[in-house]
Every structure is written in C-alpha cells, then in structure tokens.
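The sequence and structure are shown first.

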Amino acid sequence: MAKSKPAGSGEASVESFLPLPASAMHIIVALAGGEKHGYAIMRDVEELSHGVVRMGPGTLYGSIKRMIDQGLLEEVDERPDPTLDDERRRYYRLTALGQRVGAAERDRLSRLLSAAQVRQLGLGFS
Amino acid sequence: MSRLYRAALLAYPRSFRRAYGPELIGAARDLRRHGGVSRTRLALRLAFDIVCTAPRMRVEAAVRNARVAGVVSLATIAIVAVAVGSSVLLVLIGSVVGLLALLGRRHDRPIVTNPEETARWYRWLMAAAVAFAVGFLALLTSDGDELSSTAWTIWMLAWGSALVLALFALVLGTSHAIHRRRAGL
C-alpha cells in the first residue's frame, strides 16, 4: 500500500509509493495522455486493459481521493472547453510527483516483465 | 435506479459522499447511457463495487477519526491545563491531601463499608465494558471528521461514562477484597 507523502518530497518518497496498487497505476496510465474526467478515466482503463479491468465508480473515486491525498493527482480548476463537455464534470490530471511515481512503477513492471521473459514464464505450460 | 444507487451510497462515509457523491451518480448515469450496459448488469456491477469499496473506506475513516480523537483529546487537555491552570493546581493539591488521608486509613478498613454493595462490584465493571463497547461502535460508525456529529457525542459520553464506571468498580472491588480478608475468606 502506498504511503501518504507530501507532494514533491524527493526521489526517496517516489520509491516509497511502490509497488502501486493496480487501480492507481491504471488511473496514472489513463491520465498520462492528459487531463480527463472520471467517466473518461473509467472508459480509458477498460479500453487499455481490453475489457479485463472494469472499475466501478466507488473504486475509481476512492482511488482518486487517495491519490489526491497522496499528491499524485490534482483536480483541474479550469475546464478544457466547456462548450465541448459538461462543465459540471470535474477533471483530474497527474502532478509532477504522480508522473515520477508512474514512471518508477513503469520501470519496476518493465524489469519484472523482462525477468519473466528471461525465465520463459508460461512456456512450459503451453 | 438512480434513487436506489443514491440510497446505496449511504454505505460510504459522509465526507466521501460530500466530496464525490455527484461524481459517483454521474459516472453511474454515464455507464447506463453510454456504456452499453444493461440495467441488471449495471445494478450488479454497482452493488459489487459498493460492497468491495465501502467497508475499506469506513475503516479508513474510523482510523482517521481515532487519530483526530487523540489529537483533540490532547489539545483539550492542554487548553484546560493552560486556561484553568490555577484551578487544576488547587484540585491537584486537594487530591494529594485526599490521597494522603486515604493512605493514612487502616488497611483493614474498606472505603465502602456495605459488604452487599461491594460484592456487586463486577456489575459496575460490566457496565463500564458495555459503555466502552457502545463508544467503540459509535467511533466505527462516526461519519467524517465533524466533531459535532451525533456519533462523536455518543463516543465521548460513552467513554467518559466507561471511565467513571470502571473507577467505581475499582473502588468497590478493593473494598470487597478487604471485606473478604477481614472475613477470613
């Protein structure tokens, strides 16, 4: 479980967030493309995972709340374009800390995948 | 559907509902309108979502409230100590004098002299345990950080009562032990 740390408290605090919960990493990946509202994040997560991960509203906003408390996300004050979307929606984006934590988790998962490939995980069961 | 989901959101802590209630309802509505999900599947998905997430948030809120309670208790003690320092000093002096007088009593003389009364000391302890349990339940169900809420009031009264009742049980229990010793039991 990620520990609550103030935003921008240095590289050591980035490591203390790892490993990220799966829901948090999905949200970070969804927001890596830019700010989004809640439903757009849910849709994006479902698309990115090819329908495997389907977040409910409680899971999504529970994670968003925790990530905001931890300084990984922030709510966007200004709307991207109120004429294009419902201006009552709330938009979220990654903070600088959120981006660093996301990158660190990406590297961690990448190393894990490399290890799995080197050890030919799953090939013996085909 | 919307009304039912709105009612089900009561499972979440109040602070979370206040901050994200409209978003939760909006997301559920979007799932129905744009998600291509049938009403039944959506209802099951939302129910499962609440069951999986609400208890954790309740526990987190209770832990947070316990921390707040600790800080508030310490702050209250500090404020009382500073604001009425002289009174506290007088009470302390009075307590020390009273304690010394109590210690000066003969050891074979119980504080409460009615043996029938002291034999029921455990009832006070049980009452204290019940009051403590009520306070604990109130702490678990306290919703958000509002110290003025009913749950907080019940918690403070219950634990305050538990403390007093436990002290009664201690006094009666001590007296009962002395009674038994005197009776040679």
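Is B:L24 buried or exposed?

## A residue of chain B

The model is a predicted one, in which local features need pLDDT of at least 70, side-chain atom pairs count only at pLDDT 80 or more, and totals for chains, interfaces and linings use all residues. Residues are numbered from 1 along each chain as its sequence is written, chains are lettered from A and ligands numbered from 1 in the order in which they are written, and side-chain values use heavy atoms, with hydrogens and water left out.

B:L24 has a relative accessible area of 0% and is therefore buried (under 20% relative accessible area; exposed is over 50% and partly exposed in between, with a 1.4 Å probe and protein chains only). The residue belongs to helix α2 of chain B; helices (H or I, at least four residues) and strands (E, at least two) are DSSP runs, numbered from the N terminus.

Apart from neighbours within four places in sequence, B:L24 is in contact with A:P57, A:G58 and A:Y61 of chain A, and with B:Y5, B:L9 and B:F16 of chain B (contact: heavy atoms within 4.5 Å). Its C-alpha atom is separated by 8.9 Å from that of B:R6, 18 residues apart along the chain.

Leaving aside neighbours within four places in sequence, A:I64 is in contact with A:I27, A:I41, A:L73, A:Y92 and B:Y20.

## The interface

Chain A contributes 20 residues to the contact and chain B 22 residues. Together they bury about 1,700 Å², 53% of it on carbon and sulfur atoms (accessible area, 1.4 Å probe, that two parts lose on being put together, summed over both).

Four salt bridges cross the interface (a side-chain nitrogen of Lys or Arg within 4 Å of a carboxyl oxygen of Asp or Glu). The side chains of B:E23 and A:R90 also form a salt bridge, at 3.8 Å, N to O. On the side of chain A that touches chain B, α3 and α4 of chain A each give two or more residues, and α4(A) gives the most, with nine residues.
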